[in-house]
Amino acid sequence: MSGNAHVLYSYINLPEIKDNASLVFLEEGKHITFQIKRVYFIQNCNDKLDRGHHAHKKTIQALFCLKGSVDLYLSDGEMSTTVHLKSPTEGILLRPLVWHEMKHMTKETILFVAASAHFDEKDYIRNYQDFLSYIKDAHDFDE
Ligand code: TYD
């Protein structure tokens, strides 16, 4: 980990009801602070598949690993960290303008994501150099 990596994400803990099964739930406005416009899930990955490699300009996402595990590499261009997700009850809130890569997903892994916006390719920054330029321009504009 480098820098104060907790600025890149925060943990979301979900309740679990355990009886003869495990029931985990999430509610908008309670566990998820943003309005959920879309959910998607990624599964059946080839071994050692590496996904992501992009940042979003505006979209906020909450990520939960429902089965198996995943390593999430996160960077804002200065700080970086890797978060290991392995439980449906402990996910992360990923703010916009954080470069993310999903690593070490296996055929077992099911990654569930709730997003604050409908799918829009224009919200993606898919090239790391473009990402660095975008955040530099955003910071210059703030000053
Ligand atoms: P992408 O977000 O690049 O996947 P990953 O982050 O796992 O590498 O999306 C892969 C493809 O799926 C891309 O063509 C866009 C499409 N897609 C949708 O149509 N809707 C969605 O909600 C998502 C997440 C992706």
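Reader: How far is an oxygen atom of the ligand from an N or O atom in the side chain of Arg51?
Author: Happy to start there: this is a predicted model, in which local features need pLDDT of at least 70 and side-chain atom pairs count only at pLDDT 80 or more, while totals for chains, interfaces and linings use all residues. Residues are numbered from 1 along each chain as its sequence is written, and side-chain values use heavy atoms, with hydrogens and water left out. A polar contact here is a pair of N or O atoms within 3.5 Å. For the side chain of Arg51 and the oxygen atom of the ligand, the distance is 2.5 Å.

Reader: Which elements give two or more residues to the shell around the ligand?
Author: Residues count as near the ligand if one of their heavy atoms lies within 4 Å of it; among them are Arg38, Tyr40, Ile42, Arg51, Gly52 and His54. Strands are DSSP runs (E, at least two residues), numbered from the N terminus. The elements that supply two or more shell residues are β4 (38-42) and β5.

Reader: In β10, which residue is the bridge partner of Gly52?
Author: Strands pair if DSSP finds at least two bridges between them, and β5 (residues 49-56) pairs with β10 in the antiparallel sense over 4 bridges. His54, also around the ligand, stands opposite His100 in β10. The partner of Gly52 is Glu101.

Reader: What is the order of the strands in the open sheet?
Author: On the β7 (residues 70-75) side, 5 bridges join that strand to β10 in an antiparallel run, with Leu72 opposite Met102. The sheet has 5 strands with antiparallel pairing, in the order β8-β7-β10-β5-β12.

Reader: Why is strand β10 largely enclosed by the rest of the structure?
Author: Buried means under 20% relative accessible area (1.4 Å probe, protein chains only), exposed over 50%, and partly exposed in between. Strand β10 (residues 99-105) is largely enclosed because its buried residues number 5 of the 7.

Terms used: A polar contact is a pair of N or O atoms within 3.5 Å; within protein, one must be able to donate a hydrogen and the other to accept it, and residues adjacent in sequence count only if both atoms are side-chain atoms.
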